[in-house]
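This briefing concerns the structure shown below.

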Amino acid sequence: MPLQPYDYGACDVCGSTMHEQTIKQDFWVRGELVVIDNVLAGGCPQCGAKVVKADVGRHIAEALGNAARIAAAPRMAVPVVRLEA
């Protein structure tokens, strides 16, 4: 029996209906930028807000707590742009 899509409800920011999508989510862990790919989330098409279910959040926390997995993950370069006053 196929799973029913999760109802993320209305966006807390603008009230639009949230839609399920797969996203990349970034976190800073011990001074290092870590990107988690393939995160199932509710996304707002109007304002761009994102939310994850509790079980997805726990899975992310588990992945971020695995230092060996983070150390073995592929690396990517990102630009760092300093904003001048």
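Predicted model: local features only at pLDDT ≥ 70, side-chain atom pairs only at ≥ 80, totals over all residues.

Residues are numbered from 1 along each chain as its sequence is written, and side-chain values use heavy atoms, with hydrogens and water left out.

**Helix α1**
- The buried residues of α1 are Val56, Ile60, Ala63 and Leu64.
- These residues lie on the same side of α1 because they cover an arc of only 95° around the axis, the arc being that of the directions from the helix axis to the C-beta atoms.
- An α-helix has 3.6 residues a turn, so residues three or four places apart point the same way.
- The cover over the buried residues of α1 includes β1 (19–29), β2 and α2.

**Largest pocket**
- The volume of the largest pocket is about 640 Å³, a volume being the space filled by probe spheres set on grid points that are joined across faces, edges and corners.
- A pocket is an open set of points on a 1 Å grid over the protein atoms alone, where a 1.4 Å probe fits, with protein on both sides within 12 Å along at least five of seven lines; lining residues have an atom within 4 Å of a point.
- The lining comprises 21 residues, and Val34, Val35, Ile36, Asp37 and Ala73 lie nearest the centre of the pocket.
- β2 provides the largest share of this lining, with nine residues.

**Overall fold**
- Two helices and three strands make up the secondary structure of the chain, where helices (H or I, at least four residues) and strands (E, at least two) are DSSP runs numbered from the N terminus.
- Along the sequence, their pattern is β-β-β-α-α.
- The chain has a radius of gyration of 16 Å, whereas a compact globule of 85 residues would have one near 12 Å; the value is taken over C-alpha atoms, and the globule rule is 2.2 Å times the number of residues to the power 0.38.
- Of the 85 residues in the chain, 21% are buried.

**Backbone**
- Arg30 is not a glycine, yet has a positive phi of about 50°; this residue is found in the loop between β1 and β2.
- Asn38, also not a glycine, has a positive phi of about 70° and lies in strand β2.

Definitions and conventions:
Buried < 20%, exposed > 50% of the residue type's maximum accessible area, 1.4 Å probe, protein only. Contact = heavy atoms within 4.5 Å.
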